[in-house]
Amino acid sequence: MTVALPRHARAVIVGGGVVGCSVAYHLARLGWRDVLLLERKQLTSGTTWHAAGLIGQLRASYSLTRLAKYSAELYDRLEAETGIATGYRKCGSLAVALTADRFEELRRGAAMAGTFGLEAHVLSPAECLDRYPLLDPEGVVGGVFLPTDGQADPSNIALGLAKGARQLGATILENVKVTGIATAGGRVTGVETELGPVAADHVVNCAGMWGREVGRMAGVDVPLQACEHFYVVTEPIADLPRLPVLRVPDECAYYKEDAGKILLGCFEPVAKPWGMDGIPEDFCFDQLPEDFGHFEPILEQAVRRLPVLQSAGIHTFFNGPESFTPDDRYLLGEAPNLRNYFVAAGFNSIGIQSAGGAGMALAAWMDTGEPPMDLGDVDIRRMQPFQANRRYLVARAREALGLLYADHFPYRQVETARGVRTSPLHDRLAAAGACFGEAAGWERANWFLPPAAAARGEKPEYRYSWGRQNWFEHAAAEHRAVRDSCGLFDLSSFAKFRVEGPDAEAVLQLVSANDVAVPAGRCVYTQWLNPRGGIEADLTVTRLSETAFLVVTAGAHQTRDLAWLRRHVPEGARCVVTDVTPAEAVIAVMGPKAREVLQPLTPQDLGNDAFPFGTAREIEIAMGLARAHRISYVGELGWELYVTADMARHVFDAVVDSGASHGLRLCGLHALDSCRIEKAYRHHGHDISGEDHVLEAGLGFAVKTGKPRSSFGDFIGREAVLRRRETGVGNRLLQFRLTDPGPLLYHNEPILRDGVAVGRISSGAYGHWLGGAVGLGYVPCRPGEAAAETLSAGYAVDVAGTPVAAEASLRPMYDPTGARMRL
C-alpha cells in the first residue's frame, strides 16, 4: 500500500537507520502521533545493516553509561513488544590488557562501573583464559569481564524500533529523499523532498554519514566524516562454543562469535577517510572496495591471538563506511543556531549500543524543551563552527577512529588537525618551551619545559602513563611559583561576549543567578541556571558601562554558552550579543608578588584600596593599554589583563621583563588546574552541569534570590532554588585529599563512605601545595543532615581497585577564607 506524503508533521526525522528509528519510536511512546520518518532509500541501508552489533554498556561518563544501559534493556524487551527477533543475547564481554598501563585503565574502569550500577570483574590471565578458552594468553596481563554486555542483530533492532513506532502511530516512508530544509525567523519550518514539501514543527537530522550535508541544508554545522571500517567473518568453525565478545585493544581488535563463526573487526591506528567529495547518490546496502593490505597487520596479530583462526577460512571480507566526529563522541541535541532543529548523528561505530538511549534522550529533550540529564559529553553545542571544515575533518578522522582502542591515558592529546586556533602569544610561549594541548581547536600551553631540561636534550612533549608523567615535576614547580611568587598564564582562549544595549542589564539579570546590576567596573561571578536549578554555565560578568557588559566563560563552552544567552534574549529586547573572543588576548598574572610585578608598568594604583578584588579598570601598561580584571581562578592575588591582539606581545614582553627579578614563571594549564582544585573551584562539565543543582554544588553564595526582579521576569531557576532551600539538599559536593601522597586522581574514581561506595570523583589533580591528590565529588546526604554529620564519616577513594584513605572538607583546604586573593 502506498502512503501519501503528509503535508504537515509535528516532527520530521531524516534518516532511517537505527538512530532515526529509535527517535521515531521514542517520540511515539511519548504520545507524539504526528511523527514522520523519511528514508532516502531503504531502512538500515546506510551503515546500520553492516554494524557488528556489539552491545557494550560501560562508557567514559555516568550519563553515557546510563544511555548505553538503557539501550541494552530496551533491546532485551523489544522482541516481545514487536514480534521482531533482535538476536539480542547477554553473552558478556571480556577486555584483555597486554600492558600494565592498559590493565590499570581496565581496573579503573571496573571500579568506576560499580558506581554506575554495572557488574564488572577484574580477572587474572588464567581467569581470562577460563572465560575465553580460544585465547592465546601470551603477553596477557589481565582483563575485565562485564557479564551483562551482549550482542544483537543490528538491522532487526532497527526494524523492530520502526515497527514499534508504526504501532504507536508514526509514519515511516522509504525512497523519499529530503532535498532541503525550510527555515524562518531562526526556526525550522519544514523540509523539501523530491515529492514535495512537508511543513514541520521539528526536524531531526539522523542522516548518519550524510549528516553533515543535511546540516548544511539548514545552515547547521554537523562535524562528522565517514571512514572505511573493516572486518572479516570466518567460515563455520567446528565445535565453536558460545563465547563472550572479546576486545584486545592493544592489538586494535575485537572478536564476536555468532552462529558458529568468528567476526574479527578492528580500529586501526591510521584510518582511511572516505566520501570526501560526497557519498554516491545510489549508495544503498553497498560496501567499499577491499583493501586487504590495510587490514593485514590486524589479521596477522589476530591469528596469533586466536590460533583457531589459523585453519579457518574467510567467508567475508567486509569494508563499509562509518561516520566519526572530531572527539569520538556522538552529536546530540538542538542546533545552537536554529530552533527546533535537532541532531542525532556521528556515532563513531557505536551506533547500535547507543541508539536506544540516544533516541530516548533526544525525544525527551524535544518533548520538554530541555535535556533529561547531563548530556554535555555529546551535546552538539560543544562543537565549534570551524570543526565542520572538510579539510579539518579528514585530517582528524585519520586519527579519531584509532583512538577508540588507543590507551586512554589522562591528559592524552590529539595529534592531527592541530594549530587551527592560536593566541597572539603562541610564538612567545613556544620559544619558552611550551608543550601545547588542544581544546576547542585552541593551542594552549599545558606546561613548560625548563631550560635546564632542554639543555639535557628533553623535549616539550608528552610521555603518557597512569602515574606521574614526564611533566609532573615541571608543573609542580609552576604551581609553587604561583603560591610563592608569581606565575603568568595565557588565557586568551577564554570565550568573550559583549552584551550591549538599553536592556542589556535586564537580559543578564534574567539569565544570571547572581546580581549583575552593579556599578561599572565590577566583576560578578555567577551561574546561568535551567528551570530545575541545574548549572548551564559558570562564568563572570563584568559591567563595562551603563549599557555594556562583558561575559567571560571557558573556551570549550563558547558555542554552548553563546547559544544559551542568545536563546534567552526576549523578543523585542533592545540588546545585542556579540562574540568578541579573538579580539583580546588574556594575560593572567597570579601570585603574592603579582602587584610587585605589575605596578612598575602602570601609573594606575594597584593597591588594595584603589583596586579592590572583583573590580576591572582600564590601565596603561608599558607603552600599551589593557583592561585589568582583579579576579582569580588559582586562589592568589592577581589580575587578568585583557589586551587587544595587536598589543598583546608588547604587554607580555613587558610583564616578563618586570617579573624576572620577582621569580615570575610562565605557567601552563596543568598548574592552573592543580591550583584551582586546591581551592575547590568547580570545573563546568566535570564538577557542575545542567544536572547538578546549584545549592548542592555549594555555590549558593553566588545566587541572589532577593535581587531586584528583571523587567523580563525572575531569573531562570529562582523557583527551583527556593524549593531546594525549603526541602534541603540531597547531595553535597565535597573536597577530598588522599592521605597517601602516591596515588593520583583524575575523575570517576569511586568515593567510599565507611567502606561503601556512595559517589565518584568528578574531577581530580595533584595538590602540590597540599601534598597529595585532590578531588571533588558529590556525596549523598539526608535532607536536614548537618554538614558536620556528612563530614564525620570515614572516607576513602578507590584508585584502580585499591581504597586509599581521604580527608573530606566542605571548605577549600587551601586558604579557606580567601584572604590571599585580597592581599
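Threonine 542 touches a set of residues from elsewhere in the chain: leaving aside neighbours up to four places away in sequence, its contacts are Arg522, Cys523, Ala548, Phe549, Leu550, Ala616 and His629. The residue is found in strand β24, which covers residues 535-545. With a relative accessible area of 1%, threonine 542 falls under the 20% cut-off and therefore counts as buried. Please keep in mind throughout that this is a predicted model.

**The protein as a whole**

Stepping back from that strand, the protein has 19 helices and 37 strands. How does the radius of gyration of the protein compare with that of a compact globule? For 823 residues a compact globule would come out near 28 Å, and the protein has 27 Å, so the two agree. Along the principal axes, the C-alpha trace spans about 85 × 65 × 55 Å.

Of the 823 residues, 61% are buried. Among contacts with a separation of 6 or more, 73% are between residues 24 or more positions apart. The accessible surface comes to about 30000 Å², and carbon and sulfur atoms hold 51% of it. As for charge, there are 82 positive and 97 negative charges, and their mean positions are 4 Å apart.

**Aromatic pairs**

Now to the rings. A pair of aromatic rings is described by the distance of the centres and the angle of the planes. Counting pairs with ring centres within 6.5 Å, the protein has 28 aromatic pairs. One of them joins phenylalanine 409 and tryptophan 466: the centres are 6.5 Å apart and the planes stand at 50 degrees, so the pair is tilted. Phenylalanine 409 lies in the loop between α9 (390-403) and α10 (426-431), while tryptophan 466 lies in the loop between α11 (451-455) and α12 (472-484), so the pair ties together parts 57 residues apart in sequence.

Another pair is made by phenylalanine 611 and tryptophan 639, with centres 5.8 Å apart and planes at 85 degrees, so this one is edge-to-face. Here too the pair links distant parts of the chain, 28 residues apart: phenylalanine 611 sits in the loop between α15 (594-598) and β28 (616-621), and tryptophan 639 in strand β30 (residues 638-644).

| Residue | Relative accessible area | State |
|---|---|---|
| Phenylalanine 409 | 12% | buried |
| Tryptophan 466 | 10% | buried |
| Phenylalanine 611 | 2% | buried |
| Tryptophan 639 | 0% | buried |

Phe409 and Trp466 also belong to one aromatic cluster, together with Tyr411, Trp447, Tyr462, Tyr464, Trp471 and Tyr746.

**Helix α17**

Why can helix α17 be called largely enclosed by the rest of the structure? Nine of the ten residues in this helix (residues 669-678) are buried, and that is the reason. The buried residues are Leu669, His670, Ala671, Leu672, Ser674, Cys675, Arg676, Ile677 and Glu678.

What do these buried residues pack against? Their partners are helix α12 and the strands β20 (442-448), β21 (486-490), β32 (731-738), β34 (756-767) and β35 (772-780). Helix α12 has come up already, as one end of the loop that holds tryptophan 466. Just after α17, alanine 680 takes a positive phi of about 60 degrees.

Methods
Residues numbered from 1 in each chain as written. Predicted model: local features only at pLDDT ≥ 70, side-chain atom pairs only at ≥ 80, totals over all residues. Heavy atoms only, no water. Helix = DSSP H or I, 4+ residues; strand = E, 2+ residues; numbered from the N terminus. Rg over C-alpha atoms; globule rule 2.2 N^0.38 Å. Buried < 20%, exposed > 50% of the residue type's maximum accessible area, 1.4 Å probe, protein only. Contact = heavy atoms within 4.5 Å. Areas by Shrake-Rupley, 256 points an atom, 1.4 Å probe, with all protein chains shown as cover. Lys, Arg positive; Asp, Glu negative; His and termini not counted. Charge placed at Lys NZ, Arg CZ, Asp CG, Glu CD. Phe/Tyr/Trp six-rings, centres within 6.5 Å; stacked < 30°, edge-to-face > 60°.
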